[in-house]
Amino acid sequence: MVLLTSSMAVTNHRIWNRFYGTALGGIYCFVCLYFVPPQHLILLTSISVFFAFTSYHKERYDIHVFWLTSMIVFAISLLSPDNTYVSFYRIIDTLFGVTIAFSVNYFIAPSWTMTWLDRHTSSMIKSQILYVAVLDKPQWEQKINLYQSQQRYYSLNGEVMNLLKEPNLSPRTSKDWLSLLVLIQRLNDSLLLATKLGIQSDKPQSTARWISQLQWIKQTFPDRCKHGAMPPFNAESTPIPEDMLCALIEKDIQQLTAWMLYQRAFVV
């Protein structure tokens, strides 16, 4: 039922919520059944029913599952006070079903595209760093890095196109990855112009800053949606270079950085 109504990432998250919410709810119920007198069972059931309905929220599915499990176990115990094993079997069946869903999602039919996307993106950013680093080298060396960058872009583009075929993909996720493709393509085009026409302004200072910014993106990308400290980012505004190509590259890298900061939802 969760698979039919959620994207793959949400499903994986809810699988874990369902598992430990059911397990903790079962432990709580059997502790209550062991220590609380039977005449208080109706009160426990009423409290569980109340919290099972009021705690229903998609973002905290685990809390809802905890109270839902306790509600069902207490209700079964009210119906069959002499046979508490029935509610124990219900918890075991639920945990077994969650384990089946986990096995299917992770081993039989996982979302390989979501697993590989971060690796392809990091490889793409790495190729951009190498490309920027050789802007002051001979053209033949620049063209080698250009070829590698284009090959990695095609690989990333293919993975994003595969992602768009995933069932139940949210519009937000599809727009995010398509916008990333556009931003990387713009940076590729600017670097290609720099290879063909050359850069006329203070190139060493500019390229060092660009490399630093791209390294920050590459380092931060795999952990962009996780809690905890992120690598420091220098958000100071830099003056727009006089050279048109430098200005294009500067703007493209700033847009990539803004995309990264926008993805850091927990930090924001």
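Which residues does Tyr131 touch, not counting residues up to four places away in sequence? I started my notebook with that one.

**Ground rules.** I am working with a predicted model, where local features need pLDDT of at least 70 and side-chain atom pairs count only at pLDDT 80 or more, while totals for chains, interfaces and linings use all residues. Residues are numbered from 1 along each chain as its sequence is written, and side-chain values use heavy atoms, with hydrogens and water left out.

**Tyr131.** I looked up its partners and got Gln142, Asn145, Leu146, Ser149, Leu191, Leu192 and Thr195. Contact here means heavy atoms within 4.5 Å. Tyr131 sits in helix H6. I noted it as buried, because its relative accessibility is 0%. (Buried is under 20% relative accessible area, exposed is over 50%, and partly exposed is in between, with a 1.4 Å probe and protein chains only.) I also checked Asn188: it is 57 residues from Tyr131 along the chain, and their C-alpha atoms are 9.3 Å apart.

**Gln128.** This residue is in helix H6 too. Gln128 counts as buried because its relative accessibility is 1%. Leaving aside neighbours within four places in sequence, I found Gln128 in contact with Ser149, Ile184, Leu187, Asn188, Leu191 and Leu214.

**Whole chain.** I stepped back and found ten helices and zero strands in the protein chain. (Both are DSSP runs numbered from the N terminus: helices are H or I with at least four residues, strands are E with at least two.) The chain has 268 residues, and 40% of them count as buried. Among contacts between residues at least 6 apart in sequence, 76% join residues at least 24 apart.

**Cores.** Which residues have the most contacts inside the largest nonpolar core? I found Leu214 and Leu256, in a core of 34 residues. (A nonpolar core is a set of buried Ala, Val, Leu, Ile, Met, Phe, Trp, Tyr and Cys residues joined through side-chain atoms within 4.5 Å.) Helices H6 (112-133), H7 (139-163), H8 (171-197), H9 (203-220) and H10 (244-263) each supply at least two residues of this core. H8 gives the most, with eight residues. Leu256 touches Leu180, Leu183, Ile184, Leu187, Leu214 and Ile217, not counting residues up to four places away in sequence. Another core, of eight residues, lies apart from it, and I spotted Cys29, Cys32, Leu41 and Leu95 among them.

**H3 and H4.** I then followed helix H3 (residues 41-54) against helix H4 (residues 61-79): their axes come within 8 Å and cross at roughly 150 degrees. That makes H3 roughly antiparallel to H4. (Axes are lines fitted to C-alpha atoms, for helices over the stretch in contact, and angles run from 0 to 180 degrees between N-to-C directions; over 145 counts as roughly antiparallel, under 35 as roughly parallel, 65 to 115 as roughly perpendicular and the rest as oblique.) The residues of this contact divide into 14 nonpolar, five polar and no charged. (Ala, Val, Leu, Ile, Met, Phe, Trp, Tyr, Cys and Pro count as nonpolar, Asp, Glu, Lys and Arg as charged, and the others, Gly among them, as polar.)

**H4 and H5.** My last entry is H4 with helix H5 (residues 85-108), which pack at about 150 degrees with axes 8 Å apart. They are therefore roughly antiparallel to each other. I listed Thr69, Ile72, Val73, Ile76 and Ser77 of H4, and Val86, Ser87, Arg90 and Ile91 of H5, as making the contact.
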